[in-house]
Amino acid sequence: MPLADQPTTAPEPPAKPARRADAERNRAAIIEAAGAVFAEQGGTVDVREIARSSGVGMGTLYRHFPTKDALLATVLEQQFTSWLTAAHQRAVATEDSWQALADFFEQTLSNQARNRALVESYATTGGPTHACASHCHSIIDDLRTRCPDAGLLRPDVTTADLFLLLTALSQTVQTTGDSPPGRWRRLLRISLDGLSSRNTEPLPEPASLADTPRND
């Protein structure tokens, strides 16, 4: 006898296989090697150097990162985020709010001075990605709000001022690097001294969009 009609259900699609452990290891090795090579030689380095340093073949490298630009962007974002997080943790652990702010600038710029590719990125793309910039802005805002309560920072200094200062000093690092030692650090100390609450002369008001010259 024929079986009674049974409701039919579509077969479950096969689950996507998880990335193999060796593929994960290869990806991690590529990123680690690229970080060191980019930092030392800059973004124009031949990717074959990165492949050799990571111990993988060119085919494996390109499977993970189809272009050098994609690899460079991944490396810089990871490094910048890691540096920001570490610098913020050190700042939070510092009771002196002014010292915390100064140390954050020092640590962030020191990392940039040791990384040729990151310094180059300020000339080509304006620096870190939007996500990195937002993260940095949030950290600076947290550090800034601690300072006025202690009466150490000029009360009219904004988070935008400090973020722009860090960007400007990053450009200084770009032109001076870390040699001879102390050139950008000297300018950093001069800049921080200007932020002190000892300086009471009012700052110029930031220009509004209506005041900004147009190139029509």
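1. How are H1 and H2 oriented to each other, oblique or roughly parallel? In this predicted model, the axes of helix H1 (residues 21–41) and helix H2 (residues 47–54) come within 8 Å and cross at roughly 130°. Angles over 145 degrees would count as roughly antiparallel and angles of 65 to 115 degrees as roughly perpendicular, with the rest beyond the roughly parallel range counted as oblique, and H1 and H2 are therefore oblique to each other.

2. The crossing of H1 and H2 is right-handed, and on the H1 side the contact is made by Ala 29, Ile 30, Ala 33, Ala 34, Val 37, Phe 38 and Gln 41, while H2 contributes Glu 49, Ile 50, Ser 53 and Ser 54. Sorted by class, the residues in this contact of H1 with H2 are 7 nonpolar, 3 polar and 1 charged.

3. A second pair to look at is helix H5 (residues 97–113) with helix H8 (residues 159–176), whose axes come within 10 Å and cross at roughly 35°. From H5 the contact involves Leu 101, Phe 104, Phe 105, Thr 108, Leu 109, Gln 112 and Ala 113, and from H8 it involves Leu 162, Leu 165, Leu 166, Leu 169, Ser 170 and Val 173. This contact of H5 with H8 has 10 nonpolar and 3 polar residues, and no charged ones.

4. Turning to the pockets, the largest has a volume of about 270 Å³ and is lined by 18 residues, of which Leu 72, Leu 76, Ser 121, Thr 124 and Thr 125 lie nearest its centre. Helix H4 (68–92) and helix H6 (116–124) are the elements that give two or more residues to this lining, and H4 gives the most, with 6 residues. By class, the lining of the largest pocket is made up of 8 nonpolar, 7 polar and 3 charged residues.

5. The second largest pocket holds about 230 Å³ of space, and its lining consists of Arg 154, Val 157, Asp 161, Leu 162, Leu 164, Leu 165, Ser 191, Gly 194, Leu 195 and Leu 203. The elements that give two or more residues to this lining are H8 and helix H9 (183–194), and the largest share, 4 residues, comes from H8. The lining of the second largest pocket divides into 6 nonpolar, 2 polar and 2 charged residues.

Definitions and conventions
Residues numbered from 1 in each chain as written. Predicted model: local features only at pLDDT ≥ 70, side-chain atom pairs only at ≥ 80, totals over all residues. Heavy atoms only, no water. Axes fitted to C-alpha atoms, helices over the stretch in contact; angles between N-to-C directions. Contact = heavy atoms within 4.5 Å. Nonpolar A, V, L, I, M, F, W, Y, C, P; charged D, E, K, R; others polar. Parallel < 35°, antiparallel > 145°, perpendicular 65-115°, else oblique. Left-handed = near helix turned anticlockwise from the far one by under 90°. 1 Å grid on protein atoms, 1.4 Å probe; cavity = no way out; pocket = protein on both sides within 12 Å on 5 of 7 lines; lining within 4 Å. Points joined across faces, edges and corners; volume = space filled by probe spheres on them.
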